[in-house]
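Subject: Structure handover

Hi,

Here is the structure for you to look over. My notes on it follow below.

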Amino acid sequence: MYRFLADAIVVVHFLFILFVVTGGMLVLRRPRLAILHLPAVVWGAVVELCGWGCPLTPLENYFRRLGGSAGYRGDFVEHYLIPLIYPANLTAETQYILGGLVIVVNLFFYLIIWRKIRIIKRQKF
C-alpha cells in the first residue's frame, strides 16, 4: 500500500509540473482555470528559482521508507525528470533555466489570452 501511495504521489507531482508548464494552453480554452494555474506557476517558478524542495518529495520518500524501499536525496525534478532530459546532475544554473522556462512559456500563453480579451472587449464597444 505504501509503495502505491508513493507512486501515486509521483504521478500527481508529474501532473502538477505538467500543469505548471503547459496549463496556459488550458487557460486559452477555459479562462477560469487561471485561478488555479497562476498560483501553480508562481509556486513552480519560485521553487525552481529559489532552489526549494517541493513538499511532495519528502512525503513520497516517507511512503517509500514505510513500504520497505529506500528514499532518495534531492527533489522530484532531480530524481525523475533531469535524468530523462539531461545526463548531468541538477545544478543551480539548470534550476534557473527551468524556472525561467516556466515563466517564459506561461507569459507567452497569457499574452495570447490578454490579446484575445482585448479583441473581445473592442468588439463589444
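Buried residues account for 32% of the 125 residues in the chain. Please keep in mind that this is a predicted model. The chain has five helices and zero strands. Along the sequence the pattern reads α-α-α-α-α. Of the contacts with a separation of 6 or more, 61% are between residues 24 or more positions apart.

Helix α5

Start with α5, which covers residues 92–124. That is 33 residues, with 48 Å from the first C-alpha to the last. The expected value at 1.5 Å a residue is 48 Å, and the span is close to that. Several α5 positions are buried: Thr94, Gln95, Leu98, Gly99, Val102, Asn106, Phe109, Tyr110 and Ile113.

Glu93 is in α5. Its relative accessibility is 61%, over the 50% cut-off, so Glu93 counts as exposed. At 45% relative accessibility, Leu111 counts as partly exposed.

α1 against α5

How do α1 and α5 pack, and at what angle? Helix α1 spans residues 2–29, and its angle to α5 is about 10°. The two axes are 8 Å apart. Angles under 35 degrees count as roughly parallel, so α1 is roughly parallel to α5.

Which residues make the contact? On the α1 side they are Val20, Val21, Gly24, Met25, Val27 and Leu28. On the α5 side they are Val102, Val105, Asn106, Phe109, Tyr110, Ile112, Ile113 and Lys116. By class, the contact has 11 nonpolar, two polar and one charged residues.

Thr22 sits in α1. The C-alpha atoms of Thr22 and Phe109 are separated by 8.8 Å, and the two residues are 87 residues apart along the chain. Leu111 and Gly24 are also 87 residues apart, with their C-alpha atoms separated by 9.9 Å. Thr22 has a relative accessible area of 26%, which lies between the 20% and 50% cut-offs, so Thr22 is partly exposed.

Aromatic pairs

How many aromatic pairs are there? The count comes to four. One of them joins Trp43 and Trp52. The pair is tilted, at 6.2 Å centre to centre and 55° between the planes. Both residues are partly exposed: Trp43 has a relative accessible area of 33%, and Trp52 has 43%.

Phe108 and Phe109 form an edge-to-face pair. Their centres are 5.4 Å apart, with 70° between the planes. Is Phe109 buried or exposed? Its relative accessible area is 11%, under the 20% cut-off, so Phe109 is buried. Phe109 also belongs to the contact between α1 and α5.

Ring pairs also link Tyr2, Tyr62 and Phe63 into a cluster.

When you open the file, I would begin with Phe109. This residue is buried in α5, takes part in the contact with α1 and pairs with Phe108. Then look at the two tryptophans, Trp43 and Trp52, with their tilted rings.

Best wishes

Technical notes. Residues numbered from 1 in each chain as written. Predicted model: local features only at pLDDT ≥ 70, side-chain atom pairs only at ≥ 80, totals over all residues. Heavy atoms only, no water. Helix = DSSP H or I, 4+ residues; strand = E, 2+ residues; numbered from the N terminus. Expected span 1.5 Å × (residues − 1). Buried < 20%, exposed > 50% of the residue type's maximum accessible area, 1.4 Å probe, protein only. Axes fitted to C-alpha atoms, helices over the stretch in contact; angles between N-to-C directions. Parallel < 35°, antiparallel > 145°, perpendicular 65-115°, else oblique. Contact = heavy atoms within 4.5 Å. Nonpolar A, V, L, I, M, F, W, Y, C, P; charged D, E, K, R; others polar. Phe/Tyr/Trp six-rings, centres within 6.5 Å; stacked < 30°, edge-to-face > 60°.
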